[in-house]
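Have a look at the sequence and the model first, then follow the numbered points.

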Amino acid sequence: MNIEELREYCLSIPLATEDMPFKDEYLMFRVYEKWFAVIPLNDGELKVSLKCNPEEAIELRERYESVEAAWHFNKKYWNTIMLNGDMDDETLKSWIKHSVQEVVKKLPKKLRDEYAEFNPK
């Protein structure tokens, strides 16, 4: 997956928005103003940081060489995935969706219910 495909996929998530609050260093993707994916743009390697269930975050780091604890984030909840590594695109997409689910489940009930209308299971 290249950066354009990654961006397009993140924007295909219901209610996803993108912005660059830290000048041109990071491309951020959000639902309800909460980050679910962060792409550093000034790094030599294409990678994305995603929110993750704490138990699964550790499992991912053990299973894939391309996954590590996110550098500038709470390492309990955030992983960074290198896109030239051992994780295929479909698996990466499933972890992006998981990241969105982790963000949405922390929202107030009204917003969770609203989001469910846009993202039926």
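1. Is K47 buried or exposed? K47 counts as buried, because its relative accessibility is 14% (buried means under 20% relative accessible area, exposed over 50%, partly exposed in between, with a 1.4 Å probe and protein chains only). Its side chain meets that of D43 in a salt bridge, 2.9 Å from N to O (a side-chain nitrogen of Lys or Arg within 4 Å of a carboxyl oxygen of Asp or Glu). D43 is partly exposed, with a relative accessible area of 35%.

2. A word on how to read the model. It is a predicted model, where local features need pLDDT of at least 70 and side-chain atom pairs count only at pLDDT 80 or more, while totals for chains, interfaces and linings use all residues. Residues are numbered from 1 along each chain as its sequence is written, and side-chain values use heavy atoms, with hydrogens and water left out.

3. Now for the other salt bridges. The count comes to seven. R30 pairs with E33, and their closest N and O atoms are 4.0 Å apart. R30 counts as buried at 11% relative accessibility, whereas E33 is exposed at 58%.

4. Please look at the aromatic rings next. A pair of aromatic rings is described by the distance of the centres and the angle of the planes. Rings of Phe, Tyr and Trp (its six-membered ring) pair if their centres lie within 6.5 Å; planes under 30 degrees apart count as stacked, over 60 as edge-to-face and the rest as tilted. The structure holds six aromatic pairs. One of them joins F22 and Y26 edge-to-face, 6.2 Å centre to centre and with 85° between the planes. F22 is partly exposed, with a relative accessible area of 41%, and Y26 is partly exposed as well, with 24%.

5. F29 and F36 form a tilted pair, 6.3 Å centre to centre with 45° between the planes. F29 counts as buried because its relative accessibility is 0%, and F36 counts as buried at 0%. As for the cluster, which residues form it? F22, Y26, W35, F73 and W78 form one aromatic cluster.

6. E4 has its place in helix α1, and E4 counts as partly exposed at 48% relative accessibility.

7. Finally, two backbone angles deserve a look. L15 has a positive phi of about 65° although it is not a glycine. L15 lies in the loop between α1 and β1 (17-19), and L15 is partly exposed, with a relative accessible area of 34%. Y32, another residue other than glycine, has a positive phi near 50°. The loop between β2 (26-31) and β3 (34-40) holds Y32.

Methods. Helix = DSSP H or I, 4+ residues; strand = E, 2+ residues; numbered from the N terminus.
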